[in-house]
Amino acid sequence: MIGFPILSLITFLPVLGMIIILFLKKEQTAVIKYTALAITALQVVLALVLLMNYNYSAAGVYEEKSFQFIEKFRWINITGISWLGTVKVDYFLGIDGLSMPMVILTALISFIATLSSWNINHSLKGYFALFLLLDTGMMGVFVSLDFFLFYIFWELMLLPMYFLIGIWGGPRKEYAAIKFFIYTLFGSVFMLLVMIGLYFSATETLADGSKVFTFNILQLMNSANYTADGILSSLNPNNMRFAAYIALFVGFAIKIPMFPFHTWLPDAHVEAPTPISVILAGVLLKMGTYGILRISYPVFPDVTKQLMWWIALFGVINIIYGALVALAQKDFKKLIAYSSVSHMGYVLLGMASLTSVGINGAIFQMFNHGTITAMLFLIVGVIYDRTHTRGLNDFGGLASQLPIYTGFVTVAFFAAIGLPSMSGFISEAFVFVGAFSIDAIRTLTIISTLGILLGAGYMLWTLQRIFFGPLNEKWANLKDLEFREYAMFIPLTIVIIFLGVYPSAMLNIMNTSVNSLVNLLSGNINITSISGF
Amino acid sequence: MSESLLINLSIIILFLPLAGFIKVVLFGKKFPKLYLLEVAIISIAFALSVFVMYSKLAYYNTKDIIGAFTWISTGNAPFSDVLNIELGIKIDNVTVIMLFVVNLISMLVHIYSIEYMRGDKRYTRYFSYLGIFTFSMLGIVLTHNLLMMYIFWELVGLSSYLLIGFWFEKKSAADAAKKAFIVNRIGDIGMFIGILILFTSYKTFTFDTIFAQIAAGNLPFGSSAWLTAAGILVFMGAVGKSAQFPLHVWLPDAMEGPTPVSALIHAATMVAAGVYLVTRIFVMLTADAMLVIAVVGAFTSLIAATIALTQNDIKKVLAYSTVSQLGYMIMSLGVGAYVFAFFHLVTHAFFKACLFLGSGSVIHSMHHEQDIRNMGGLKKKMPVTYWTFLISTIAISGVPLTSGFLSKDGILAGTLAFGKLTGHWLIPIIGFTVAALTAFYMFRLVILTFHGEPRDHHKFDHAHESPLVMIAPLAVLATLSIFIFYTPNPLSPDAGWFMSSWVKTPEQVTPVDTRFDFLKPSAENIHGGHHGEIVHSVLYTETMHWAHYPAMILSLVVAGLGILTAFMFYQWKKINVDKLIENKFTNALYRGSLNKWKIDEAYDATAINGTLQTGSGLSWFDQKIVDGAVNGSARLTRIVSKISGWFDTYAVDGFVNFTAFFSGFIGLSFRKLQTGKVQTYIVLVVFSVIILLLFFKPF
């Protein structure tokens, strides 16, 4: 274990950067940029420190003592408001195999996104301040183990995102920003409802033996903690667990985004500046599926099992529907946005299997989608910077003009298609293996394999329209990649290929926790006997 | 020499070809002369594979050598399903022969390409792509499990994509590359589902473990129907890769790639990977699955042969001929003639590579002319190309003294025996018909290209024999089309080392009641010795004996007929072809064949167009309906908030507080936000938390 509160540091480091930037002058653009870059680079270093000190055999999930890098203290402690009783909220951070990949991903993608922010050319100070605040919000979601804290970080990330799209976005930025904001808020309201409902249904036992209501996610998983008449307690015959599950699920589903709640995504992506698209696709979407795995699944294992077929169904709809709609797009960025919808479907399908292989695949897919789609959006950004167009039919023959760029594009596209030797293949294969092994969703799995055909269809068609054929003379003076762009593409390429060849590097991180989660879901362990420390 | 040495050497052979690719990734075009390094590397790989083949056949003839390691393992917690994925190499006789074939042809193509591709602006990249291809193909050959097979299966797909689209400035080349990849993916999905069935049942991808489980009576999901399904689904991978009907359409288009690539990938090795896959899963095929395979193969060979009759592009004729011959191999596996299928794979690889490289030599010297109507008389100008081309043509036509005669005759005997044993006479009938057609169109090609008078004098005058590095590979490959390398008896392969000691039909592991009767071992021929020797009933052996001479005589007759007709048509002009074309009945057939039976057009109109239309339709649905609902509800909320605002302002009654909350809640979150004042949001959150706390408080 490490002697300092590393999770707080990795989470709030960007806020520190934000404060520094706020003290800088508007004109010091280079200093502002390099401050942001240094902060995100330091975050990557911290993520690596975490990785080096990471205990691969500690499960976490429901067991507090096997979480790692825990920080826990009483944050809000109001005793005796007449009818409310004691209100107690913990500042409770910790990571396990479900969150570790996401922490690494967030650090990596934030760093890459900072590099791609170099071309932002107005109000730099505000941009990077908000950008770093966003970073804190994302990281916070992945390290929080208290629902209240989780919720705060969840909402915290919303605000900078709204401004980053709304101010630095494209022509329809206001529309896209507001749509993103209201849609997510709509989901948050549901989440809030469930959170409060859970709070009043479960108690935790304090050191002095007294029982207080709790937001602690781990305590909420323990059915022994629920009060007999709690509205979300399974002991209560009139409980509303089923409805609460759906409400919470909708809150998360909007973020994924799951059909039919996905229409904010193409608009947000098309209008957002490149680095924000990278963050959005690379990290934000994962918060939805992460939330389901972190909260919905272990807190409501009973309902999860009832609804697995439906989760798989929506996964399959995402896969097929997203791919078919992508096929019809004429805007490069919109096409990638819909491909994102399709690829997130695999995450849902893998999760729905409730098997170790399937959930491993789902989390691995979250990570891989993060790196691969981030790269795809960077690719769109690079060509948009040079040509100021994203129309798929405006290009042609760029492969001979930009051979190195084309090389990276080929890597990213084939990674998205799920070519073996790249990371996406392993995660998709795991999802299929896991889902196929369950009788109830086997047919759905077979249908979903069509997604890998359609994926090849729209990706290769795009590759051809932009890069093959005779060179469009309009682009005869385009320059190939510059140093900064190499610095964005090379790390992602290395990660994608490394994890394709040696997937155990990532699977080993998550595997213990995933197995633990699966055991919890299948009722193999008796969580009621486990207590905190 | 130890077993581990052979494994280690195989690993070296596998990874050597990647060196060239890595070089290009790291250095780009900096060292243009380094293509020689790649030629040297592949030569070393070839030399090693000769050594491995010799060692295996001489010292471990009846033993399979396996080396494997655990790649992924997720089983370290109690109660959960354990997943162990192994990667590994299996070296048996089939493997080492394939290793030899792939490396030999790859080496010859490398050498040939030095001259053929000279002057191309992406010269270094070309050799690096050949390197990835060779690596991927060797992976398919060496694997001991289905997952690794699938991985390298996709990787050859990638290298095929890159090489077909090598001249991507041409739209046709880019189209062909995309088509090849996508059509292959259709087959791959089937293969993948087949693999999923097997994995779900046996928790392993390893061939031998799966087969052992099946042999022990442990069937997928407990039924032989699923076993049949798994077999057919995995076979779908072969349908794609080996260009079998209905997925054969990509291969003729793939001729857009450089001709040496067509020789290596789209004639000799990659397309044969499908056949190789079926030989790998042969033992788990039930009678039903085999029948499907036989029918697909037979139909493919027939339809491709009929198209090859009328094509005018020298490479297209060869491409359809390849499809047809691959159909032959697949059919042969379907009828249980395992050894002949693999034998034909090997002999075909040599003579078809020779034909393609020969056509490349012609195209090269004719300045990229591919239309045989503009050729003729090249025999005098290009004697080496002509003679090697002719020898290979004789071989593919199945004339005695050639390798093609031996393997083809074996396949035909197999189909004849199959017809007699099962009553499916249509399959041998198709087999012999295709033999006649093959002899005809191949000699048509030779006559139109090399014989007679030149039809384009300008191009003819410039034509010249190709340089040594191009004709030497032709000579090597043509030599390998002679019988002596396979058997001392030119009329029967049975006595040859290839058949008698190297490759044997493995024993089926399927439940006995799901096999063809002739594949059930009878008590009489269960000798001792290692498994895999007792394979079928005495009846089958007898029937094969019975079939031997009729098949040989019949195949000689049909091949002779085909060759004779070709000469009558094109050399001696005894029959006027043009008149035949004008005839009403034959004209319909001619046009059908010339237009490839319009299969591509049918796919375009149905599947492709259908998918694109669905995409557009759903895109409309997404924008207008799904997103329309979102925007509609936003609009509705604004109306509600206006009404409640009005209500708040004007209505005076006892519910003032409630109204204030409601309009505040709705109004703030939606109306105000629409004007962009997000700051109010914070207030809203705090506000709603309090409301909700009140709401939930259990009094």
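Okay, let's start where the two chains meet: chain B puts 53 residues into the contact and chain A puts in 61, where two residues are in contact if their C-beta atoms, placed from the backbone, lie within 7 Å. On the chain B side, the elements that give two or more residues are α6 (146-164), α7 (171-202), α26 (599-650), α27 (656-674) and α28 (680-696) of chain B. The biggest giver there is α7(B), with 13 residues.

Quick housekeeping. This is a predicted model, where local features need pLDDT of at least 70, side-chain atom pairs count only at pLDDT 80 or more, and totals for chains, interfaces and linings use all residues. Residues are numbered from 1 along each chain as its sequence is written, and chains are lettered from A and ligands numbered from 1 in the order in which they are written.

So, how confident is the predictor about chain A? The mean pLDDT, the predictor's confidence in each residue from 0 to 100, is 90 for chain A, and 97% of its residues reach 70 or more.

Now the build of chain A. You'll find 21 helices and four strands in chain A; these are DSSP runs, numbered from the N terminus, with helices being H or I of at least four residues and strands E of at least two. Among those elements, strand β1 (residues 68-81) of chain A has the lowest mean pLDDT, 81, while helix α3 (residues 100-116) of chain A has the highest, 95.

Last one: the C-alpha atoms of chain A fill a box of roughly 75 × 60 × 40 Å, taken along the principal axes.
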